[in-house]
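Here is a short report on one protein chain. Keep the sequence and the 3D view open as you read.

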Amino acid sequence: MAGFKTVSLADQVFEKLENDIIVGVYPRGEILTELKLVEQLGVSRTPIREALRRLEQERLIADSGKGSVVLGITEDDLMDIMSMRKHIEGLASYYATKNATPEGLAELKHILELHDFYAEKRDFEHMRQLDDEFHDALCHMSHRTVIQDTLAPLHRKTRRYRKISIEDEHRLIKCVHEHKEIFKAVESGDAEEAYRATYRHISNAQQNLIGRLNYNG
């Protein structure tokens, strides 16, 4: 981590540790200590201490008296996050429809075209990235800051399982179709249908994620 900029070192340490916990580098139950992280990351205690404080606020770790125990994302957490996403992302699509511009619609259409391209190639990593981009574009089009700020951490916390889900070929095909249904509603100006299509999309993703959670650990 020698390339870190001093001014944002604590933020970058936090983002790395958050990601490593979410994707399973640090499994549930592992103990993290400042000394251990100093040795692993090659930074001083100060940014690590700040990052650990923020991770505890995010409830990804908890103080054990001997260090910070990794809590990670449980099945209950995932259920709650996906249930929240159904409603909040539905609202994002609703307001994206209300505030749609030719430029915004063109961006969504371009993402869907790339979706088709990489789906045909079964390029799962690009598909995951495009899934993020599609939902991020809808959030941006909504012009609702609270919605964007609420969804950002929820997306990060489900990153590991969203990747697992989209590597399921059957789910991959459905995901592309569902994104097109959302776009169709947004393009046609039907905000209510955009909400419903997004709600259905996240509901289907939720069922797939929960079904695969125990299988993948």
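## Ground rules

Helices (H or I, at least four residues) and strands (E, at least two) are DSSP runs, numbered from the N terminus. Two strands pair if DSSP finds at least two bridges between them.

This is a predicted model, in which local features need pLDDT of at least 70, side-chain atom pairs count only at pLDDT 80 or more, and totals for chains, interfaces and linings use all residues. Residues are numbered from 1 along each chain as its sequence is written, and side-chain values use heavy atoms, with hydrogens and water left out.

## The sheet

Strands of a sheet pair through backbone hydrogen bonds, either parallel or antiparallel. Which kind is found here? The pairing is antiparallel. Three strands make an open sheet, in the order β1-β3-β2. The edge strands are β1 (31-32) and β2 (61-63), and each of them pairs on one side only.

Look at β1 and β3 (residues 68-70). Two bridges join these antiparallel strands. What is the bridge partner of L32 in β3? The partner is S68.

## The largest pocket

A pocket is found on a 1 Å grid over the protein atoms alone. A cavity is a set of points where a 1.4 Å probe fits but cannot get out; a pocket is an open set with protein on both sides within 12 Å along at least five of seven lines. Lining residues have an atom within 4 Å of a point. Grid points are joined across faces, edges and corners, and a volume is the space filled by probe spheres set on the points.

The largest pocket holds about 220 Å³ of space. It is lined by 14 residues, and E58, R59, D77, I81 and K157 are the closest to its centre. Helices α4 (75-98) and α7 (145-157) each supply at least two residues of this lining. By class, the lining has seven nonpolar, two polar and five charged residues. Here Ala, Val, Leu, Ile, Met, Phe, Trp, Tyr, Cys and Pro count as nonpolar, Asp, Glu, Lys and Arg as charged, and the others, Gly among them, as polar.

R59 sits in the loop between α3 (45-57) and β2. Is R59 buried or exposed? Buried means under 20% relative accessible area, exposed over 50%, and partly exposed in between (1.4 Å probe, protein chains only). R59 counts as exposed because its relative accessibility is 67%. Its phi is near 60°, a positive value in a residue other than glycine.

H143 lies in the loop between α6 (124-142) and α7. H143 is not a glycine either, yet has a positive phi of about 60°.

## Aromatic pairs

A pair of aromatic rings is described by the distance of the centres and the angle of the planes. Rings of Phe, Tyr and Trp (its six-membered ring) pair if their centres lie within 6.5 Å; planes under 30 degrees apart count as stacked, over 60 as edge-to-face and the rest as tilted. How many aromatic pairs does this rule give? The count is three.

One of them joins F117 and Y118: the ring centres are 4.9 Å apart and the planes stand at 80°, so the pair is edge-to-face. F117 is partly exposed, at 42%, whereas Y118 is buried, at 18%. Another pair is Y195 and Y199, with centres 6.3 Å apart and planes at 25°, so this pair is stacked. Both lie in helix α10 (residues 191-216), four residues apart, so about one helical turn separates them. Y195 is partly exposed at 21%, and Y199 is partly exposed at 27%.

## Residues in the helices

Start with T150, in helix α7. A polar contact is a pair of N or O atoms within 3.5 Å; within protein, one must be able to donate a hydrogen and the other to accept it, and residues adjacent in sequence count only if both atoms are side-chain atoms. The T150 side chain reaches the backbone oxygen of V146 at 2.7 Å. T150 is partly exposed, at 29%. T150 and I88 are 62 residues apart in sequence, and their C-alpha atoms are 8.2 Å apart in space.

Now turn to E75, in helix α4. E75 and I210 are 135 residues apart along the chain, with C-alpha atoms separated by 7.2 Å.
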